[in-house]
Amino acid sequence: MKTVKISLNSIEKVKSFVHEITKYDYDFDLVSGRYVIDAKSIMGIFSLDLSKEIELNIHADNDAVENILDTLKPYLV
């Protein structure tokens with residue numbers, strides 16, 4: 001598992017983020033305070049405080065993590 005901080009501070013960013021990660025067959029969790037939600041759930045993401053940084057937990061093997069991080073560069077903090 002790899003944890004990174006991301007920013008999803010606009011509706012367009014949320015939509016494109018979900019579109020990008022649904023291409024992968026791995027689990028992704030967003031952690032904000034005490035809340036943990038499925039990162040592939042648009043409704044779940046909008047339940048978080050998007051004005052703050054959010055932790056993204058990527059549950060993938062090490063070989064895939066680098067490829068995923070390249071895809072997620074626009075969202076990384």
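Biologist: In this predicted model, what makes lysine 73 and aspartate 70 a salt bridge?

Modeller: Their side chains meet at 3.7 Å, N to O. The cut-off is within 4 Å for a Lys or Arg nitrogen and an Asp or Glu carboxyl oxygen, so the pair counts.

Biologist: Why is lysine 73 called exposed, and what is aspartate 70 called?

Modeller: Lysine 73 has a relative accessible area of 56%, and exposed means over 50%. Aspartate 70 comes out at 46%, so it falls between the 20% and 50% limits and is partly exposed.

Biologist: How many salt bridges turn up in the whole structure?

Modeller: Five. One of them joins lysine 15 to glutamate 12 at 3.6 Å, N to O. Those two sit three residues apart in helix α1, which means about one helical turn separates them.

Biologist: OK, now the rings. Why is the pair of phenylalanine 17 and tyrosine 75 called edge-to-face?

Modeller: The ring centres are 5.5 Å apart and the planes stand at 75 degrees.

Biologist: Where in the chain do the two partners lie?

Modeller: Phenylalanine 17 is in helix α1, while tyrosine 75 is in the segment after α3 (62-71), 58 residues apart.

Biologist: Are these two buried or exposed?

Modeller: Phenylalanine 17 has 0% relative accessible area and tyrosine 75 has 7%.

Notes. Residues numbered from 1 in each chain as written. Predicted model: local features only at pLDDT ≥ 70, side-chain atom pairs only at ≥ 80, totals over all residues. Heavy atoms only, no water. Phe/Tyr/Trp six-rings, centres within 6.5 Å; stacked < 30°, edge-to-face > 60°. Helix = DSSP H or I, 4+ residues; strand = E, 2+ residues; numbered from the N terminus. Buried < 20%, exposed > 50% of the residue type's maximum accessible area, 1.4 Å probe, protein only.
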